[in-house]
Amino acid sequence: MPLDPAIAARLKRDPDGLVPAVVQQHDTGEVLMLAWMDDEALHRTLTTGRATYWSRSRRKYWVKGETSGNPQWVRSAALDCDGDTILLRVDQVGVACHTGDRTCFDAGSLAVPAAG
């Protein structure tokens with residue numbers, strides 16, 4: 001069964017058929033990671049409740065936590081106003097990043113000038 005045609009019609013994909021997915025911890029708002037989804041990955045995510053992505057480097061689908069033991073249980077999914085980004089709110093079990101960090105954004109802050 002393919003992705004719901006009404007949802008598919010709203011998506012604006014890149015030339016490879018992908019849409020970025022921002023992944024956020026549902027109860028704290030913590031941004032965990034950015035991943036990529038095509039229609040099939042989104043369909044699998046919406047029908048199983050498990051975050052499923054397309055790996056651009058491995059060229060295959062991966063269910064988050066399937067090998068690491070750190071699954072993402074999807075609590076909600078939304079498209080942005082342009083249909084070119086997906087927001088997944090998840091219950092992250094364990095760490096989200098392949099480096100072992102809680103989020104993929106723990107690699108260090110970038111300096112910005114003080115607001116003023």
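A nonpolar core here is a set of buried Ala, Val, Leu, Ile, Met, Phe, Trp, Tyr and Cys residues joined through side-chain atoms within 4.5 Å, with buried meaning under 20% relative accessible area, exposed over 50% and partly exposed in between (1.4 Å probe, protein chains only). The model is predicted, so to speak a computed one: local features need pLDDT of at least 70, side-chain atom pairs count only at pLDDT 80 or more, and totals for chains, interfaces and linings use all residues. Numbering starts from 1 along each chain as its sequence is written, and side-chain values use heavy atoms, with hydrogens and water left out.

As for the overall fold, the protein has two helices and six strands (DSSP runs numbered from the N terminus: helices are H or I, at least four residues; strands are E, at least two). Their order from the N terminus is α-β-β-α-β-β-β-β. Along the principal axes, the C-alpha atoms fill a box of roughly 45 × 35 × 30 Å. Of the 116 residues, 34% count as buried.

The largest nonpolar core holds 19 residues, and Met 33, Met 37, Tyr 53, Ile 86 and Leu 88 touch the most other members. At least two core residues each come from strand S1 (19-25), strand S2 (31-37), helix H2 (39-48) and strand S6 (86-92). S2 gives the largest share, four residues.

Then there's Ser 76, which sits in strand S5 (residues 72-79). Ser 76 counts as partly exposed because its relative accessibility is 28%. Beyond its neighbours within four places in sequence, Ser 76 is in contact (heavy atoms within 4.5 Å) with Leu 87, Leu 88 and Arg 89.
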